[in-house]
Amino acid sequence: MFNSNRVDPEEGVWIERRTKRGYEPIMKAKILHSDPGRVEFMYNGDLPPRKYQIAVHTRCGRGKDHKVVVCRHEVSA
């Protein structure tokens, strides 16, 4: 769950680009709302038309001693 009083640079929502070496972060989103089942976010800026990944990096509210889990979904701009 997102807590605006506690910002973790490893957690958040990014637009990423798939490369031959993995994924490259393009820009980070502003999180508007987050709970265990849903996250609402907003991006500022324009992207060239192509396929991207929306990547959610989270510890699911379990604290710094837990590994960050990444969920990705392909989108087109």
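Glu 74 is partly exposed, with a relative accessible area of 43%, where buried denotes under 20% relative accessible area, exposed over 50%, and partly exposed the range in between (1.4 Å probe, protein chains only). The structure is a predicted model, in which local features need pLDDT of at least 70 and side-chain atom pairs count only at pLDDT 80 or more, whereas totals for chains, interfaces and linings use all residues. Residues are numbered from 1 along each chain as its sequence is written, and side-chain values use heavy atoms, with hydrogens and water left out.

The side chain of Glu 74 meets that of Lys 51 in a salt bridge at 3.8 Å, N to O, a salt bridge being a side-chain nitrogen of Lys or Arg within 4 Å of a carboxyl oxygen of Asp or Glu. Lys 51 lies in strand 5 and Glu 74 in strand 6, so the pair ties together parts that are 23 residues apart in sequence. Lys 51, at 53% relative accessibility, counts as exposed.

By this rule the count comes to six salt bridges. Among them is the pair formed by the side chains of Glu 10 and Arg 59, at 2.4 Å, N to O; this pair links distant parts of the chain, with Glu 10 in the segment before strand 1 (12-19) and Arg 59 in the loop between strand 5 (51-58) and strand 6 (69-76), 49 residues apart. The side chain of Arg 59 also meets that of Glu 11 in a salt bridge, at 3.8 Å, N to O, and here the two residues are 48 residues apart, Glu 11 being placed in the segment before strand 1.

Gln 53 is found in strand 5 and is buried, with a relative accessible area of 8%. Leaving aside its neighbours within four places in sequence, Gln 53 is in contact with Trp 14, Ile 15, Glu 16, Tyr 23, Arg 72, His 73 and Glu 74, contact meaning heavy atoms within 4.5 Å.

Turning to the chain as a whole, the secondary structure comprises zero helices and six strands, the elements running β-β-β-β-β-β from the N terminus on; helices (H or I, at least four residues) and strands (E, at least two) are DSSP runs, numbered from the N terminus. The radius of gyration of the protein chain is 13 Å, close to the 11 Å that the globule rule gives for 77 residues, so the chain is as compact as a globular protein of that length; the radius is taken over C-alpha atoms, and the globule rule is 2.2 Å times the number of residues to the power 0.38. Along its principal axes, the C-alpha trace spans about 35 × 25 × 20 Å. Buried residues make up 23% of the 77 residues, and residues 24 or more positions apart account for 43% of the contacts with a separation of 6 or more.
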